[in-house]
Amino acid sequence: MDDEGVGSTPRVSVITPVRNACSTLLQTITSVQTQTFPDWEMLLVDDGSTDGSVELIERLARRDPRLRLIRSQTRHGAPAARNLGIRLARGRFIAFLDADDLWLPEKLACQVPRLEAGAGIVFSSYRRISPEGRHLGVVHARPSVQYRDALGGNPIGCLTGVWDRERFGPAQMPELPMREDYAFWLSLLRQGATAEGLPNVLAEYRVSSNSRSSRKFRAARATWGVLHREVGFARANVGFALYVIRSIRRRLGNN
């Protein structure tokens with residue numbers, strides 16, 4: 001891999017929690033390595049894998065020093081793994097990518113200039129795919145999102161969002177069992193930021209029967225819980241109704 005333009009302090013830190021992800025991890029890492037914007041580091045935070053994921057990361061990291069293996073002592077879950085990655089990250093701009101999802105090659109090249117121009121958060125449209133890679137539809141990004149806009153459900157796909165740590169300081173992801181990413185984006189938007197959405201499809205989200213977000217009832221209940229913590233009972237009910245309507249529209253392909 002050509003390291004031209006990669007400094008000792010990377011511009012972007014990519015945080016990837018890893019838990020027994022051997023079947024998809026190589027594709028995920030490769031999707032970062034093939035970025036046309038090369039000034040990044042990828043922190044692969046192992047959360048107690050037993051399937052060879054660690055050995056795969058170690059082998060790849062010997063050939064690409066931008067890959068960093070971080071091993072937690074005990075299993076704590078994806079939010080805690082992401083927070084560990086944030087604490088150890090060296091980059092100004094922080095991005096999240098789960099170990100079964102993918103980036104398109106131009107993702108960072110499209111987003112970093114917007115961050116450099118002053119955007120606090122930049123996200124994009126993304127494609128949903130089956131475990132085998134079959135296209136299942138596109139989730140379109142809104143052009144911009146402020147705090148009030150996000151109270152009707154999470155508008156920022158976690159695998160697409162990049163945020164400026166200099167702007168928000170030592171932000172950490174709430175360690176919730178589900179929808180922690182939604183609570184995280186709300187915590188940033190609450191500070192007065194506007195998230196800029198790009199129409200480009202820049203990532204692919206793998207839909208799996210085993211993924212946490214595929215458990216629809218629990219996901220909906222977790223969304224209501226985030227809203228209830230954020231704005232109280234009455235406003236949470238209004239926001240949750242909007243979330244249900246938008247979810248139905250998305251399933252029908254009209255988002």
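# Briefing: fold, cores and selected sites

Residues 24 or more positions apart account for 80% of the chain's contacts with a separation of 6 or more. The model is predicted. Its chain holds eight helices and ten strands. Of the 255 residues, 52% are buried. The exposed surface comes to about 11800 Å², with carbon and sulfur atoms supplying 52% of that area.

**Nonpolar cores**

- The largest nonpolar core contains 34 residues. V12, L25, I29, M42, L44 and W103 have the most contacts inside this core.
- Two or more residues each come from β1, α1, β2 (40–46), α2 (53–63), β4, α4, β6 and β10 (195–206).
- The top contributor is β10, which gives four residues.
- M42 belongs to the largest core. Leaving out residues up to four places away in sequence, M42 touches V14, T16, T28, I29, V32, R66, L67, R68 and L97.

**Strand β4 and its partners**

- Strand β4 spans residues 93–96 and is covered on both faces. F93 and A95 are buried on one side, I94 and F96 on the other.
- Strand β1 (residues 12–18) pairs with β4 in the parallel sense, over four bridges. F93 of β4 is the bridge partner of V12.
- Strand β9 (residues 162–164) pairs with β4 in the antiparallel sense, over three bridges. V162 of β9 is the bridge partner of A95.

**Helix α4**

- Helix α4 covers residues 107–116, and its buried residues are K107, L108, Q111, V112 and L115.
- Viewed down the axis of α4, these buried residues fall within an arc of 105°, so they line one face of the helix.
- An α-helix has 3.6 residues a turn, so residues three or four places apart point the same way.
- G118 follows α4 and has a positive phi, near 120°.

**Site S125**

- S125 sits in strand β6 (residues 121–129).
- Its relative accessible area is 1%, under the 20% cut-off, so S125 counts as buried.
- Beyond residues up to four places away in sequence, the contacts of S125 are V138, V139, H140, A141, T160, L198, P199, N200, V201, L202 and A203.

**Loop residue N20**

- N20 lies in the loop between β1 and α1 (22–33).
- Phi of N20 is positive, near 50°, in a residue other than glycine.
- The relative accessibility of N20 is 31%, so this residue counts as partly exposed.

**Loop residue R90**

- R90 lies in the loop between α3 (78–88) and β4.
- R90 has a relative accessible area of 41%; this value falls between the 20% and 50% cut-offs, so R90 is partly exposed.
- R90 and V12 are 78 residues apart along the chain, yet their C-alpha atoms are separated by 8.0 Å.
- Residues up to four places away in sequence aside, R90 touches S8, T9, P10, S13, E41, R68 and R165.

- V12 is among the residues with the most contacts inside the largest core, and V12 has F93 of β4 as its bridge partner.

Terms used
Residues are numbered from 1 along each chain as its sequence is written. This is a predicted model: local features need pLDDT of at least 70, side-chain atom pairs count only at pLDDT 80 or more; totals for chains, interfaces and linings use all residues. Side-chain values use heavy atoms; hydrogens and water are left out. Buried means under 20% relative accessible area, exposed over 50%, partly exposed in between (1.4 Å probe, protein chains only). Contact means heavy atoms within 4.5 Å. Two strands pair if DSSP finds at least two bridges between them. The arc is that of the directions from the helix axis to the C-beta atoms. Accessible areas come from the Shrake-Rupley method with a 1.4 Å probe; for residues, only the protein chains shown count as cover. A nonpolar core is a set of buried Ala, Val, Leu, Ile, Met, Phe, Trp, Tyr and Cys residues joined through side-chain atoms within 4.5 Å.
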